[in-house]
Amino acid sequence: HLLRYVVAPWKRRVLLRAAALDVCQHTRRNASSAEYLHQSVVPTMHYQKSLPRLPVPKLEDTIRRYLAAQSPLLDSDQFRITEKASQTRTSGVGTQLNEELLAQDRRNKHTSYISGPWFDMYLSAREPVVLNFNPFMAFTPDPKAEYNEQLVRATNLLCSAARFMKTLRAGLLEPEVFHLNPAKSDTARFKRLIRWVPSSLSWYGAYLVNAYPLDMSQYFRLFNSTRIPGPGRDELFTDEKGRHVLVMRRGNMYVFDLLDRDGNMLRPTEILAHLKQVLADPAPVPSFPLGLLTTENRDVWARLRERLAAAGNAESLRMVDSALFCLCLDEESLTDHIHASHNMLHGNGYNRWFDKSFSIIISGDGQAAINFEHSWGDGVAVLRFQNEVFKDTTTHPAVHPGSAPAAVDSASAVSRLHFKLDVELESGIHRAKENFESAISGLTINAMEFKKGGKERLKKNKLSPDAMVQLAFQMAFLRQYGQTVATYESCSTAAFKHGRTETIRPASAHTKACSQAFVGQPGRHSPEQLRALLHRCSTYHGQLTKEAAMGQGFDRHLFALRNLASREGRALPSLYTDPAYAAINHNILSTSTLTSPAVSLGGFAPVVPDGFGVGYGIHDDWIGCNVSSYPSRNPHEFLECVSKSLDEIYSVLD
């Protein structure tokens, strides 16, 4: 009805304009198809203005959800203490803080209540970004094996990345939309209609056909962006004028333009020639490779960067910071998933610039991955980029194994950056190398592929695949260590303007009871009873997931209240001084799921010294899991327990 009201008075004019625009777009598409991935009928940011705002949950709902998440982690005496400490809704202090947060939210309708505090959390962190924040997502190999040769794949990835960037900045990238009924909303007819609905109303038009546009405010940070270290707090830098890419090989840094002065892409064979020039450079690894500084403590790196600029390197640093992105060409071939995970997560430290918004890493045998800096975004934009680039490189490769490099003067087009270093800078790089090698020496990674079933069998039994895999993690930890611990699962809130993430708390009273039945009381329950327990876990996990996606978790609300109190120098409510609050935020099981045809592997380091970093993917007929830990935990044994737990779940279903 809303669409009829908005569109009907314009119908004749709209149809005429649409027909004319279609002709123009057809002409433009034929003229510049090499420049763009596609040319969306609906402008990229068409829905952004009308996106709903992230709600601030009711305080009483937040406390109720918080206590429900604490119940499986505490004994009865501890829970009574926590229950008493958490009654902030009647304490006055908590209620007043919440009223101030709501008032602040009303004054800032252009953003979300969590956006500012979340940026501050990341940018104020002083730990190195490598291992502590940057994750990786590995590309699936090109199905045509000969296209995985390093030079060919690097050229195709650069060309497709440039096409993505141009498509995005021209407003021609298809908007990110979650379609509940694609037959109605993901159609050419609907798109031709919705593009004429004003941006201030467009979200409502999509909502009427069960389509949910997602926030795309983070996308502009994808390109030409870098995290700049500063004393106490870093800054995000973006310069969209940059036309060049940063390439690293053996710790040496090179730049060359991907676009000409008119913003047009270089010919693919020119890009091929420039990359061939880089690969042919015999320069060895520098005695003091600068990339190691991006693995340092942020305050240490900030001080050394100031000295680096003062020593006459400001222009070279500007070239690094304003580059479209970073391409890391590694020499070694990768033997297996574990080797690949270590290389893509941290590598040797010197052939990376971890501060870039993202880096594409390509090993000597053509395996590729994205490693991205986390403060500017939460992976939604990166995954879209990876999906589009993978599709483009595999279906429309710009160069082929037999392609000859263009006859151009690559020696003058490719510049190797040189930096002037003094004794203090050399000493700083040496210390950074020691600290980096010490940090990665304690990291263990292991991987598993469970081949006895995937999401199809679970869905057939009306069970949530994600709920069952999360249950398997709970069962595995109980089997290995005899307890239930704080567990974190990331959930995007991109359905809201400037939404970031919310936390799903998979450890619940239901998973604890189910885990005890399987692990602690084997043989005491009938298959029917165990199936009933599985369904309770699935239903409750589904409820938690829906609440989190709709901004109705408790973690971000409590975080924002604490941030507000700290910023104003106020005394914290007793909930925050209760040891149980620190314990539930000490996430021993930190988990994140990612399933995409473009992604073969993903991972990150644990968020606490005694934790596991668990990346997993649930496919039609198998489940993959990539786990990292430090010496206090055993990921190999944990994955054996996960496999046994999944085996037991599927056996009950049989």
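Author: Start with pairing: two strands pair if DSSP finds at least two bridges between them. Strands (E, at least two residues) and helices (H or I, at least four) are DSSP runs, numbered from the N terminus. This is a predicted model, where local features need pLDDT of at least 70, side-chain atom pairs count only at pLDDT 80 or more, and totals for chains, interfaces and linings use all residues. Residues are numbered from 1 along each chain as its sequence is written, and side-chain values use heavy atoms, with hydrogens and water left out.

Reader: How do you know that β8 and β9 pair?

Author: Four bridges link β8 (residues 326-329) and β9 (residues 358-362), in the parallel sense. The definition asks for at least two. So they pair.

Reader: Why are β11 and β16 said to stand at the edges?

Author: The order of the eight strands is β11-β7-β6-β8-β9-β10-β1-β16, in an open sheet with mixed pairing. β11 and β16 each have a single partner strand, so one side of each is left without a neighbour in the sheet.

Reader: How do you know how β10 is joined to β9 and β1?

Author: Count bridges again. Five join β9 to β10, which run antiparallel. Three join β1 and β10, also antiparallel. Both counts meet the cut-off of at least two, so both are pairs. S359 stands opposite N371 in β10, and A138 stands opposite A369.

Reader: What makes β10 "mostly covered"?

Author: Five of its five residues are buried. Buried means under 20% relative accessible area; exposed is over 50%, and partly exposed is in between (1.4 Å probe, protein chains only). A368, I370 and F372 lie on one side, A369 and N371 on the other.

Reader: Why is a group of 51 residues called a nonpolar core?

Author: A nonpolar core is a set of buried Ala, Val, Leu, Ile, Met, Phe, Trp, Tyr and Cys residues joined through side-chain atoms within 4.5 Å. The largest such set here has 51 residues, and F223 is among those with the most contacts inside it. α8 gives the most to this core, with ten residues.
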